[in-house]
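Work through the exercises below with the structure in view. Try each task before reading its solution.

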Amino acid sequence: MAQATTTVDPIPQVAGRDWRTPLELLALGAIWGSSFLFMRIAANPFGPFALVEVRLALGALVLLPFLWRERAHFRAGMWSRLAMIGAINSAIPFLLFAWAAQRSPAAIGAICNAMTVLFAALVGFLFFGQKIGTRRSLALLVGFVGVVVLATSKAGGLSVGGAVVAGSTAALLYGVGVNLVRKHLAGIPPAAAAAATLGCAALLVLPFAATHWPTARIPPGAWGAAIAIGVVCTGYAFLLYYRLIQRIGPARASTVTYLVPLFGAGFAWAFLGEPVTLAMLAAGVLILGSVAASQRAT
């Protein structure tokens, strides 16, 4: 799940009661939750670099018409900045989550992803002059406790600490990316900005994907999972997310964060038979509770 934000006009309260809103939030939570299932299926046959290249390239292609339509917004001097944001907000986090998917159940990455909201607040406070109150500070502390609980747990008898560190680092980079988008890409149509950053990220990863492309035959199921991650979980999901932002505002749209771990763990249990351990549940409650408290503090 690549996090992003944009500036929009205040949304009338009636927009939040639109019958489409809960359905689209549910759909987006399911789509982004399924990305961790698909990564779990495709990460080993592809390897992180090849899988992420397919994801970035397909996601950028889905959004390419929006970039073409808004191409006048993109000056020549912007592309180095877009490449930096693409690396921080897409390429490196996607690689970290793919690496983690090779070593841990899908639920681990989905739970770590929920830390994005907390990291965005922390990075905004430390480096971008945003205010952070007592309640949000306590929420951050509780969220980090949840990460520690998750990192010290085991799944199937194996330690998942490395995967938790990778997933948490990816969430931290998403938090940095959200603030960079807010600072440097304000005023640019968000779907076009997403297409540009994804395309730049694909170009950055391409040399590594070319040198690390798997020599063994990739099963059709892994190809299907990789295509689903790129087309549905990246390209289409961005469109759905930005449509929600325009209708109900970024704060309400970000509540989809609560749904992603539930769908991620549920899909992995239903389709891969991966157990949901007590430590995962405890960490999930701590992290999601802290995210909810942080959101109420805004």
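Predicted model: local features only at pLDDT ≥ 70, side-chain atom pairs only at ≥ 80, totals over all residues.

**Exercise 1. Alanine 101, a lining residue**

Task: Decide whether alanine 101 is buried or exposed, and find which residues it contacts beyond its neighbours within four places in sequence.

Solution: 
- Step 1. Alanine 101 belongs to helix α3, and it is part of the lining of the second largest cavity.
- Step 2. Check the accessibility. The relative accessible area of alanine 101 is 8%, and buried means under 20%, so alanine 101 is buried.
- Step 3. List the contacts. Beyond neighbours within four places in sequence, alanine 101 is in contact with Met39, Arg40 and Ala43.
- Step 4. Compare sequence and space. Tryptophan 79 is 22 residues from alanine 101 in sequence, and the C-alpha atoms are 31 Å apart.

**Exercise 2. Arginine 40, across from alanine 101**

Task: Find what arginine 40 touches, not counting residues up to four places away in sequence.

Solution: 
- Step 1. Arginine 40 sits in helix α1.
- Step 2. Classify it. Its relative accessibility is 24%, which lies between the 20% and 50% limits, so arginine 40 is partly exposed.
- Step 3. List the contacts. Arginine 40 touches Ala101, Gln102, Arg103, Ser104, Pro105, Ala106, Leu272 and Glu274, with residues up to four places away left out.
- Step 4. Arginine 40 and alanine 100 are 60 residues apart along the chain, and their C-alpha atoms are separated by 8.8 Å.

**Exercise 3. Aromatic rings**

Task: Count the aromatic pairs, then explain why the pair of tryptophan 213 and tryptophan 223 is classed as it is.

Solution: 
- Step 1. Recall the description. A pair of aromatic rings is described by the distance of the centres and the angle of the planes.
- Step 2. Count. There are 13 aromatic pairs.
- Step 3. Classify one pair. The ring centres of tryptophan 213 and tryptophan 223 are 6.3 Å apart, and their planes meet at 45°, so the pair is tilted.
- Step 4. Locate both rings. Tryptophan 213 is in the loop between α8 (190–211) and α9 (220–248), while tryptophan 223 is in helix α9, 10 residues apart.
- Step 5. Check the accessibility. Tryptophan 213 is partly exposed at 36% relative accessible area. Tryptophan 223 is partly exposed too, at 32%.
- Step 6. Look for a cluster. Trp32, Phe238, Tyr241 and Tyr242 are joined into one by ring pairs.

**Exercise 4. Charges over rings**

Task: Find which ring face arginine 55 lies over, and which one arginine 71 lies over.

Solution: 
- Step 1. Take arginine 55. It lies over the face of phenylalanine 94, 3.7 Å from the ring centre.
- Step 2. Take arginine 71. It lies over the face of tryptophan 68, at 4.0 Å from the ring centre.

**Exercise 5. Phenylalanine 119**

Task: Decide whether phenylalanine 119 is buried or exposed, and name its contacts beyond four places in sequence.

Solution: 
- Step 1. Phenylalanine 119 is in helix α5 (residues 116–127).
- Step 2. Classify it. At 9% relative accessibility, phenylalanine 119 is buried.
- Step 3. List the contacts. Leaving out neighbours within four places, they are Phe144, Ser168, Ala171, Leu172 and Gly175.
- Step 4. Phenylalanine 119 and alanine 171 are 52 residues apart in sequence, with 7.0 Å between their C-alpha atoms.

Definitions and conventions
Residues numbered from 1 in each chain as written. Heavy atoms only, no water. 1 Å grid on protein atoms, 1.4 Å probe; cavity = no way out; pocket = protein on both sides within 12 Å on 5 of 7 lines; lining within 4 Å. Phe/Tyr/Trp six-rings, centres within 6.5 Å; stacked < 30°, edge-to-face > 60°. Helix = DSSP H or I, 4+ residues; strand = E, 2+ residues; numbered from the N terminus. Buried < 20%, exposed > 50% of the residue type's maximum accessible area, 1.4 Å probe, protein only. Lys NZ or Arg CZ within 6 Å of the ring centre and 35° of its normal. Contact = heavy atoms within 4.5 Å.
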